[in-house]
Structure formats: structure tokens, C-alpha cells
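This report concerns the nonpolar core and the backbone of one protein model. Please consult the sequence and the structure shown below.

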Amino acid sequence: MDDFAIRKRFSYGTVMVDLETHRIIDLIPTRNTDEVRTWLATYPNIEVISRDGAQIYANASEKSHPGVVQVSDRFHMIKGLTEAMTKYIIREFPARLEIPAVSTNSEEHVKLIDQRNHVDRVRFAQTKKAEGMTVNEIALLLHSSAKTIQKYLKLDTDKVEDKVIAREANHRLAMQQKQEEVNTARKMASDGIPIEQIAKEMHHTFKTIQNYLNPSYSVENKHYHARIPGKLAPYEAEVIKLRCEGMTYPSVHKIISEKGYEGSVASLRMFIQKDRIRCMSSQKEEACSDYHPKEYVQRRSLTQLIYKGLNDVKTISQEQYEQVLKSYPMIADLYVTIKEFYEIIYSKHEEKLDAWLVKLEKFNIPESQTYVNGIRQDIVAVKNGISMQYNNGLAEGSVNKLKVIKRIIYGRNSFELLKAKVLLHEQFRCEIN
């Protein structure tokens, strides 16, 4: 048996499925204990009842058939443990867990992180998307927002110009045009045309034409590629050091403002963003001499590892995983305990369950303690679910069938019409088979 939504969040019913014939037997428009007990009592020949961990169905089964074999669904056991551990990790750990740097960024990856290499970033994002990675996972790799990655995926790489190449091309074109102007001015001067007339015809000032005619004049801008120092220049080394130590931007801004800095917090953010690969050059190493490289692992990756294998979680590497276990031993112990539960279920060793519950209680985690209490209240059915072949998959599949039927008729059916359509379909399928 399993519940299904008649009107989501307002009213629910119960579907009854025969474990042997796999047919839907009946639908009742409630999931209250008394109504379910009354329905079950009309069938004294019931020997096995498979259900989820809800106490409503457990009480109804016990009242209607005191000696019946109740089987708690294995999927819901795992789901309950996963939800409990996920709640604990979200409550206890930050969104990003800091670990010592273990990843070695290749030149290609460093280049991709650089915001100026637009074409490479777009191609990288589209390649990873084709490999099956999600937008959020690609965003983590490129240190970008999900919205930016969505824009990347819509672009045509053949028509996208690299920002660095485009800027260099514009610079060369500007120098070429300026050199042509200088040559024209010098030719006009060699023809005996006065500077005032040259300036008037070329729409330049008298001083500019004088500069053009100077033999030592060069069109090359000596300041190109040079960084113009601003208000932050005297404090850059200190800003990098404080950020390396994990201090927030407002805190850094407060410290350097007391020393005379007059800029904004936004300027600090922009400076650090443009200097992503900080502490890698010699100047940064001097500023961060006492800094140990760090990196961050997303908390979401750790919650996914509760129910997925390491190879299935693309946002964390083997080296990062091992370092997380070293840096946070509590997580390592939890993972080991969770894997032991999986082994108990799939190896059908229900006799090991009691010892495992005691081990889980020793963590003294409120979320896991709630889960343990729920298992203990239903311990017989849980052990039956581990040792017996029955499960609630048939009922779960039947609920999906009900959803499809409701969608076909746009959810505008009454319960009586839904029940009639489902049972008639089951009867027709049985007669055909």
C-alpha cells in the first residue's frame, strides 16, 4: 500500500496493490488509520503487507491483522538515512569547505579561469555540457555564475571572438592608422606646407602636428599593457595577504581605510577578481609568505556522495575527496557508517542492524537520532524488509500510473472517475493477458 495525492497538499488517498498479480486492487479516498484498517479488515486472508515507514499504515495493519507480516520498504530506509545525513551536513558545514590545495591546475585550466579568454571558456563549457555535466557543475569549474554558463551554451563558437585577440587587433589597427597620419603629416611638411595648414586639413591641433614631425616620435604607446596605479596601489600586498588568510572584503576594507585608503569595497572585489591566480608569482609569494595554498569543495558534492559513488560526482576529484576525509574526520566516519548500512541491506544480514543502530547513535547527531528512533519503532518490519524479497516498488509504480491518468484528463477528475478508470484498466489488462 502507498499514498497518492488526490489534490496535492490538500487531500490524499491510498492505493492497494496485489504483490503476487501486480494489479491495483482498490483505491480509497483517504489515508487515515481507521479507514485503512476498515478496508484491510475486509480481507482476512492477507498474509503480507508491504508499506513505507509511515506509522499510519503500520497502525492500520496491526489493528486489522495482528499477526500479519509487515515489510518496510528498503528504498524508504535508504531515503530516510540520506535525508537525515544531508540535513546534518547542511546544518553543520558551510556551503564551501576549505581544504589544503591538492589540485594541480594545468596551464589550460589556469587559462580557462582567466576571464579574458572568452572563446576557450565558451568551448570548454559546451564540451562539458555535451559530456553530461550540469550548468551548475560547469559554473563551479569556471568560477562563474550559472547564468553566465547558460549564455555560453547559447553562443556559436565559430562566431565568437576572443577578447584578448580582438583587443590586440584593435590596438594594431589604431597604431597602423596613426602611423599613416604621421606619414601624411611628414609628407605635407616636406612639400613645404605650413604646420597651421596641415593641422587644419588633418583636423588636429598645432601641437599634435609638431609631435608628428618630431623625428623621435613613435606611434607605439609605452603605457599599453601597463597597469595604471590607483588608490589601492599602496595597499595591494596587504589586501592579498588578508584575503589569503580568509578575511572578508568588508573587514579588509575597514583595516586599510584606517590606514588611508579612500576607495570602496567594490574596488577590492574587482582587484581580487582580476588577480585570480594570486600568490603564484614572486611578488605575491612575498606578500603571502606565511600563506598555505587552499582550495574549496562544494558542500553539495559531499551530500551527493551519501547516495552516489565518487565517479558519479563530477565536481570533486579523488584527491579532493581524500583530503576532505583527512580534514573532516567526522565526515569520513559518517561515510563509513552509511556504507555499512548499504551492505546490511543488500547482503540481507538483518541481524547486524541492532549493532549498526547503536553505532549511529554514538555520533550524537539530532538528525540521525530521529532516524534511529523511527527505525526502532518499526524494527520488525524493517528487518523483514531486509531479509524478504518484497518491496513497495509496485505501489510506487502504481502511483506514477495514477499521475499519468490524472494528467491525461488534466486533473479535472473526481475520485470516483479516477477509481473507475484505474480499475477498469486493470480488469481489461488482466483479461487481455
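Which residues in the largest nonpolar core touch the most other members?

**Basis of the model**

The model is predicted; local features need pLDDT of at least 70 and side-chain atom pairs count only at pLDDT 80 or more, while totals for chains, interfaces and linings use all residues. Residues are numbered from 1 along each chain as its sequence is written, and side-chain values use heavy atoms, with hydrogens and water left out.

**The largest nonpolar core**

Leu302, Phe341, Trp356 and Tyr371 touch the most other members of this core, which has 38 residues. A nonpolar core is a set of buried Ala, Val, Leu, Ile, Met, Phe, Trp, Tyr and Cys residues joined through side-chain atoms within 4.5 Å; buried means under 20% relative accessible area, exposed over 50%, and partly exposed in between (1.4 Å probe, protein chains only).

At least two residues each come from helix H3 (74-92), strand E6 (96-100), helix H16 (318-327), H17, H18, H19 and helix H20 (379-387). H17 gives the largest share, eight residues. Helices (H or I, at least four residues) and strands (E, at least two) are DSSP runs, numbered from the N terminus.

Leaving aside residues up to four places away in sequence, Trp356 is in contact (heavy atoms within 4.5 Å) with Leu81, Thr337, Glu340, Phe341, Ile344 and Tyr371.

**Positive phi in two loops**

Most residues other than glycine have a negative phi. Lys348, not a glycine, has a positive phi of about 60 degrees. Lys348 lies in the loop between helix H17 (329-347) and helix H18 (353-361), and counts as partly exposed because its relative accessibility is 37%.

Asn364 also has a positive phi, near 55 degrees. Asn364 is placed in the loop between H18 and helix H19 (366-377), and its relative accessibility of 66% makes Asn364 exposed.
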